[in-house]
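Student: Could we go through this structure together? I would like to learn how the labels are decided.

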Amino acid sequence: MEKLKGKLATFNNRLDTWTVTLTPIEVQRIIETASFVDEIVFSERYILENDKVIAITVIEKYFTRVSNRASLTIMCDNLSGETKIKAAVCGTSNSWFWKFDWGASKSFIGYVKDLLKEYKV
């Protein structure tokens, strides 16, 4: 488990988690209608008992600075009673060997965080 935590910490600029006051469905609707979204690749909701919801959205955007399309996977759930958002960015590196992305991954997650900043807990 420690080895896995180390690997996740290495890519901390490509992963983020935060809590908001909205429902997962509201979060998903806001993100899907945002101006920065080039394409919605996947969107699905799982409605569970006791008003629990898991919403998963994958969006894609082209980043000129890395000459590549990046994907952002957003998983939003209220399983613990609070609405938690988990975001992971992929495809922001322009090389097979280097994971340097000129800040594209941080920017992509930043778009979503800025969009939802007034609802952050």
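**Labels and their cut-offs**

Student: What is Ile-56 opposite in strand 4?

Tutor: Ile-56 stands opposite Met-75 there. Strands are DSSP runs of E with at least two residues, and helices are runs of H or I with at least four, numbered from the N terminus. This is a predicted model, where local features need pLDDT of at least 70, side-chain atom pairs count only at pLDDT 80 or more, and totals for chains, interfaces and linings use all residues. Residues are numbered from 1 along each chain as its sequence is written, and side-chain values use heavy atoms, leaving out hydrogens and water.

Student: What makes strand 3 and strand 4 a pair?

Tutor: Two strands pair if DSSP finds at least two bridges between them. Strand 3 (residues 53-63) and strand 4 (residues 68-77) have ten bridges, in the antiparallel sense, so they pair.

Student: Why is Gln-28 called buried?

Tutor: Buried means under 20% relative accessible area, exposed over 50%, and partly exposed in between (1.4 Å probe, protein chains only). Gln-28 has 2%, so Gln-28 is buried. Gln-28 is found in helix 2 (residues 24-32).

Student: And why is Val-41 called partly exposed?

Tutor: Its relative accessible area is 46%, so Val-41 is partly exposed. Val-41 belongs to strand 2 (residues 39-47).

Student: Which residues does Gln-28 touch?

Tutor: Contact means heavy atoms within 4.5 Å. Not counting residues up to four places away in sequence, Gln-28 touches several residues, among them Ser-43, Ala-55 and Thr-57.
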